[in-house]
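Have the structure open and follow along.

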Amino acid sequence: MDENAVDEVDVASAWSSLQRNPRSQLVDVRTRAEWTYVGIPDLGGLGKRAVLVEWQTFPDQSVDPRFAERLANELQAIGVQPNDDLFFICRSGSRSLAAAKVMAAAGYGACHNVSEGFEGPLDDERHRGALLGWKAIGLPWQQS
């Protein structure tokens, strides 16, 4: 993969890698409100936890200008190396792609976007969480 490239993976592939590779890490870039009210991926069964760093802040949705610094500090604190697999997730895959690209440009060489996100796309009734995504395929998650 090009040093600044970010590939797209589905949630099942991300989960499989998180299971197989003890050095792989999930980074959830949604807002605090989403983590609180929608839930977060539960990696406890893998002996891990998702790293939670907001890409945008609620309610104005402005991108955190210190995102890369904040995330790098969190990753360093848990021993993540620059070439460890990082899987970025948001609600449906667009904020996480932007965040993954920023971290790839900052020197993290194995950034992957979880394209279906935590809740997936809207269904015919304009609801998320039923078609694709972390919750829809039954991966572990928790709500606070």
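Start with arginine 49, which is partly exposed at a relative accessible area of 44%; buried here means under 20%, exposed over 50%, and partly exposed in between, using a 1.4 Å probe and protein chains only. Before going further, a word on the ground rules: this is a predicted model, so local features need pLDDT of at least 70 and side-chain atom pairs count only at pLDDT 80 or more, while totals for chains, interfaces and linings use all residues. Residues are numbered from 1 along each chain as its sequence is written, and side-chain values use heavy atoms, with hydrogens and water left out.

So what does arginine 49 pair with in a salt bridge? Its partner is glutamate 74, with the closest N and O atoms 3.9 Å apart. A salt bridge means a side-chain nitrogen of Lys or Arg within 4 Å of a carboxyl oxygen of Asp or Glu. This one links distant parts of the chain, 25 residues apart: glutamate 74 sits in helix H3 (residues 67–77), and arginine 49 is in the loop between strand E3 (40–41) and E4. Helices (H or I, at least four residues) and strands (E, at least two) are DSSP runs, numbered from the N terminus. Glutamate 74 is also partly exposed, at 33% relative accessibility.

By this rule there are 7 salt bridges. Another one joins glutamate 54 to arginine 32, at 3.8 Å from N to O. That pair also connects distant parts of the chain, 22 residues apart, with glutamate 54 in the loop between strand E4 (51–52) and strand E5 (56–57) and arginine 32 in helix H2. Glutamate 54 is buried at 16%, whereas arginine 32 is exposed at 56%. Then there's aspartate 64 with arginine 70, whose closest N and O atoms are 2.7 Å apart. Aspartate 64 is buried at 14%, and arginine 70 is partly exposed at 37%.

Back in helix H2 (residues 32–37) you'll find glutamate 34. Is glutamate 34 buried or exposed? With 11% relative accessibility, it counts as buried. Its side chain makes a 2.9 Å polar contact with that of arginine 95, a polar contact being a pair of N or O atoms within 3.5 Å; within protein, one must be able to donate a hydrogen and the other to accept it, and residues adjacent in sequence count only if both atoms are side-chain atoms.

Arginine 95 takes us to helix H4 (94–105), where the buried residues are Arg95, Ser96, Ala99, Ala100, Met103 and Ala104. They pack against H2, E5, H3, E7 and strand E8 (111–114), with contact meaning heavy atoms within 4.5 Å.

Now for the nonpolar interior. In soluble globular proteins, nonpolar side chains tend to be buried together. A nonpolar core here is a set of buried Ala, Val, Leu, Ile, Met, Phe, Trp, Tyr and Cys residues joined through side-chain atoms within 4.5 Å. The largest has 19 residues, of which Val29, Phe67, Leu71, Leu75, Phe88 and Cys111 touch the most other members. H3, strand E7 (86–89) and H4 each supply at least two residues, and H4 gives the largest share, 4 residues. Beyond its neighbours within four places in sequence, leucine 71 is in contact with Val27, Val51, Val53, Phe88 and Met103. There's also a second, separate core of 15 residues, including Val9, Val38, Val114 and Phe118.
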